[in-house]
Amino acid sequence: MRSHQALFYGTTALASALLLGSGATAFAATFTGNLFYTYFSGPPNNVDSVTYSYDDVTHSFSLGSINHIASLAGADGIIFDAHGNLLVGGQGSNTVYQITTGGAPLSTGSLSTNSYHLALDPGGGKVYTSTFEGPLQTLALTPGLNPAVQTAITGGDTGVTQVAFGNGGKVFYVNGNPNANGNLGTIDLATGVTSRLYTSVLPAHGLIFDPFTDLMTMFGDGETGTMSATDGSGLKVSAGQYACDFDQGAVDGHGHALIAGCNEITFIDYSATGDITDIVHNFHVSIASVSNGNFNNIDDVAPLSGVGSQQVPEPASLALLATGLLGFGAARRRRSRV
């Protein structure tokens with residue numbers, strides 16, 4: 001597990017560093033970002049974004065105003081491509097859409113089935129999607145979207161709902177209908193052969209890799225779950241619901257998750273426990289509306305870290321920045337003694 005006080009990067013920002021009189025350094029962090037998400041209703045306005053802010057000392061989480069981005073023929077899964085544009089699963093339109101973060105259309109890719117959750121290949125050249133419990137659809141990005149190539153699913157399961165990338169080239173899948181009780185396993189993307197690991201896991205619907213815990217993390221039925229990102233071992237699920245329903249969640253790499261479902265955005269801080277399933281000790285809050293609208297029919301959220309998220313600064317750059325800030329503070333203390 002990584003300490004969120006070591007490096008601050010990605011879609012978050014370090015708001016303040018307090019230099020103590022003893023010479024020790026303590027950090028009080030405010031994490032801010034922009035969450036992109038979809039609604040399963042619409043058009044109009046079924047792709048939106050909202051800013052968020054979290055103070056990890058006061059446990060104060062807030063959302064800004066809703067920003068309308070696009071009105072598509074259908075919207076469900078949402079991720080970023082390697083160039084920072086949005087990819088949106090078209091739900092009932094048999095289409096994946098590529099648009100800018102401002103909503104301008106760039107490209108469309110045609111499928112033989114519906115498109116729901118999306119996953120970007122680590123190389124950035126392909127996007128994977130599926131209908132619920134259906135064949136795998138693969139679209140090449142050049143950088144526009146080509147028509148999908150369909151791969152039949154065989155083995156432990158004969159359909160998939162989503163794929164997600166773990167450690168060492170391992171690819172996991174979830175297979176099930178919304179929004180719970182999916183099967184989990186591994187998949188060979190070239191052949192479509194699946195090896196089921198678990199059957200009917202309550203929170204198994206949305207599936208992502210979490211760089212903070214180095215675990216595969218799942219969301220469904222208002223609960224969370226984790227398993228090894230290397231071999232899928234050690235399945236763990238929360239002992240209760242954070243909310244009445246979850247579809248897909250995003251993690252920021254610092255021990256925080258923002259999850260869509262139940263007509264709300266739910267925030268979980270698991271940075272202290274290192275365990276997103278620990279509903280007893282993790283701080284969490286759900287927000288159903290802000291000053292200019294609500295989250296009725298919210299569906300999926302875009303990743304905040306890792307593959308499929310927006311491009312972010314390298315950690316080393318911010319480490320140098322932090323070193324510079326500490327040096328500046330030390331210089332100010334020396335000058336004050338003169």
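The paragraphs below go from the whole chain to its nonpolar cores, its disulfide and one threonine.

This is a predicted model, in which local features need pLDDT of at least 70 and side-chain atom pairs count only at pLDDT 80 or more, while totals for chains, interfaces and linings use all residues. Residues are numbered from 1 along each chain as its sequence is written, and side-chain values use heavy atoms, with hydrogens and water left out.

Of its 338 residues, 52% are buried. Buried means under 20% relative accessible area, exposed over 50%, and partly exposed in between, with a 1.4 Å probe and protein chains only. The exposed surface comes to about 13,600 Å², of which carbon and sulfur atoms supply 53%; accessible areas come from the Shrake-Rupley method with a 1.4 Å probe, and for residues only the protein chains shown count as cover. Among contacts (heavy atoms within 4.5 Å) with a separation of 6 or more, 49% are between residues 24 or more positions apart.

A nonpolar core is a set of buried Ala, Val, Leu, Ile, Met, Phe, Trp, Tyr and Cys residues joined through side-chain atoms within 4.5 Å. The largest one holds 22 residues, and those touching the most other members are Leu35, Tyr37, Phe61, Leu63, Leu258, Ile265 and Phe295. At least two residues of this core come from each of strands S3 (30-39), S4 (47-55), S5 (60-70), S24 (256-261), S25 (264-269) and S29 (298-301). S3 gives the most, with four residues. Leaving aside residues up to four places away in sequence, leucine 35 touches Asp48, Ser49, Val50, Tyr52, Leu258, Ile265, Val301, Ala302 and Leu304. Another core, of 14 residues, lies apart from it and includes Phe212, Phe219, Tyr242 and Ile279.

The whole structure contains one disulfide, a pair of cysteine sulfur atoms within 2.5 Å. Cysteine 244 and cysteine 262 form it, with their sulfur atoms 1.6 Å apart. The link is right-handed, with 105° about the S-S bond. Cysteine 244 sits in the loop between strand S22 (236-237) and strand S23 (249-251), and cysteine 262, 18 residues apart from it, in the loop between S24 and S25. Cysteine 244 has a relative accessible area of 48%, so it is partly exposed.

Threonine 151 belongs to strand S13 (residues 149-151). Its relative accessible area is 17%, so threonine 151 is buried. Residues up to four places away in sequence aside, threonine 151 touches Pro135, Leu136, Thr191 and Gly192.
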